[in-house]
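Here is a short report for a reader new to this structure. Start with the view below, then read on.

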Amino acid sequence: MATLEDPIDIGGLTVPNRLYRAPLLECAGNGPDAVDALIDDLEPAAASGVGLICQGATIVRGDGGCAAPGMTRVHDPEFTSRLSRLTERIHDHGSRIVLQLEHGGLRSMETWHAEFRRSNPELEQLAVSTPPWQLRALDRLGFLTFEPHVLSTDEVYELAADFGRAAARAVEAGYDGIHLAGANMGIVQQFLSPFYNRREDEFGGSPEARLEFLALVHDEIRERAGDVPLLTKVPAETPAPPVVRRKLSLSDGVELARRLERIGYDAVVPVQTSVVWDMSIIRGEYPARAWENERLQEEYDAAFGGATRKRLVALANRVQSLQYDFEPAWNEDFCRRVRERVSIPVLAEGGIRDRTEMDRLLDSARELDGDGNDDGTGTGATDADPACDMVGMARPFYAEPRLGARLLDGDAASALCDNCNNCTVPQVTGAPGICRTPSVLRKRGELEREGVYD
Ligand SMILES: Cc1cc2nc3c(=O)[nH]c(=O)nc-3n(C[C@H](O)[C@H](O)[C@H](O)COP(=O)(O)O)c2cc1C
Ligand code: SF4
């Protein structure tokens, strides 16, 4: 059975261990300091021994498609080539780095960011189909604004080609692989999901046809970027609101993963996610401190289109936090079911917080030695399969950028992140992704002084 320190092969790439940093928005943009900002964000994890760094979502086009302000775009060959400075720094530590590719589609700032819409009136929201009635109702209530441009068949081919072109530029810049943002409510999920996808051409209708966009993206990437390791998040839309009937079940998600392996994907990250932009993928507390931050009120007003709308969004956030309470390793069951059906690596993330839990996910037999623990006193180990082949964390790396040092070769270390989500809301203003909870930062300071990250 594998341990966290064991290497793993993903599509011919050897990753030195089984710990990865899950993608997190860096809000580094494309300006003159963008590459330095990305190095500052991502290098500490590599320096602390993390085997695989998944960079946050980057946008394959030059206009539109950003889920939040300040996302980095990889449409421009000159800019993307400068990212080689980042990939070299990661490689200097023996780690690997993959670039996540994304287009937000209906989940873009064109839909929700009031000031951005005002200053970019010409930008269209790319849509897989006309938005379903539930989203149009949110439009009428004033939460969102939909003026979608439904992609023609030719435009779908062109969008897939943009994913391929971006992948080719990434490989030239030294990235070790490509990761698709397939389960954070962006356009890839919008193609996969029966909630969004009502198309009548070759990209809609049956489950196979809804997967056709990812098949095409695979072919475009293989043609333009070669045999590069290709990973994708895979959604199961189990936590969607009750008014949503057409959605991807857990079994649908398992079937998607199985087909993706057949298409030629090299690894999958099963993630339970809603169909709308809620807290299902970032389970935890209502971020009261972030909403009350005096310095950010004006920027929140600008993003949400005024104080009333801002309060409505904060209220929705509070309701969601009750619905999506933190649950340790909340994707475990989905990962386990996928892993039973595929032979490519399965990466698990979402609420994984300590070394003991990581060991259990990678090697279930240790947990199940007969009496529910792995202390060797049980009546006999079961041969239960591991839930996954790699374990990842996202928010804990905001809280402790060099967290890897505490988890690898260590004893029962736990991440400091307390899932308060204060790091999430400020990103609607383009603020950098950092931990914003003083008690957690104080504890990190103490650990730094003790030298545990060295
Ligand atoms: C602020 C923030 C930004 C995120 N950005 C991305 C992203 O760019 N791409 C993506 O696939 N997931 C993104 N995620 C989801 C994470 O990769 C991860 O699945 C989620 O946070 C659950 O893991 P955790 O409990 O370890 O934080 C983001 C999450 C947070 C909190
Ligand atoms: S603000 Fe800090 S402690 Fe809270 S969820 Fe974000 S990283 Fe974790």
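## Terms and basis

Contact means heavy atoms within 4.5 Å. Axes are lines fitted to C-alpha atoms, for helices over the stretch in contact, and angles run from 0 to 180 degrees between N-to-C directions. Helices (H or I, at least four residues) and strands (E, at least two) are DSSP runs, numbered from the N terminus.

This is a predicted model: local features need pLDDT of at least 70, side-chain atom pairs count only at pLDDT 80 or more, and totals for chains, interfaces and linings use all residues. Residues are numbered from 1 along each chain as its sequence is written, chains are lettered from A and ligands numbered from 1 in the order in which they are written, and side-chain values use heavy atoms, with hydrogens and water left out.

## The sheet and its helices

An open sheet holds eight strands, paired in parallel, in the order S10-S9-S8-S5-S4-S3-S12-S11. The edge strands are S10 (267–272) and S11, and each pairs on one side only. Two strands count as paired if DSSP finds at least two bridges between them.

Two helices meet this sheet. Helix H1 (residues 34–47) packs on it and touches S3, S4 (52–59) and S5 (96–102). The direction of H1 makes about 155° with that of S4. Helix H15 (residues 332–341) lies across S9 (230–236), S10 and S11. H15 runs at about 145° to S10.

## Strand S12

Strand S12 covers residues 390–393. Three bridges join it to S3 (residues 19–21), and the two run parallel. Tyr20 is the bridge partner of Gly392, and Arg21 that of Met393. S12 also pairs with S11 (residues 347–348), in the parallel sense, over two bridges. There, Leu347 partners Met390.

In a regular strand the side chains alternate between the two faces of the sheet. Both faces of S12 are covered. Met390 and Gly392 are buried on one side, Val391 and Met393 on the other. Buried means under 20% relative accessible area, exposed over 50%, and partly exposed in between (1.4 Å probe, protein chains only).

Helix H16 (residues 355–362) is mostly covered, with seven of its eight residues buried. Among them are Arg355, Met358 and Leu362. At the start of H16, a side-chain oxygen of Asp354 comes within 3.2 Å of the backbone nitrogen of Thr356. A polar contact is a pair of N or O atoms within 3.5 Å; within protein, one must be able to donate a hydrogen and the other to accept it, and residues adjacent in sequence count only if both atoms are side-chain atoms.

Ser95 sits in the loop between helix H3 (84–92) and S5. Why does Ser95 count as buried? Because its relative accessibility is 2%. A polar atom of its side chain lies 2.7 Å from the backbone oxygen of Val50. Leaving out residues up to four places away in sequence, Ser95 touches Ala46, Val50, Gly51, Ile90 and Asp176.

## Around ligand 1

Ligand 1 is surrounded by 23 residues (a heavy atom within 4 Å). The closest are Pro23, Gln100, Glu349, Arg353 and Arg395. A backbone N or O atom of Ala57 lies 3.0 Å from an oxygen atom of the ligand. For Leu25, a backbone N or O atom lies 3.2 Å from a ligand nitrogen.
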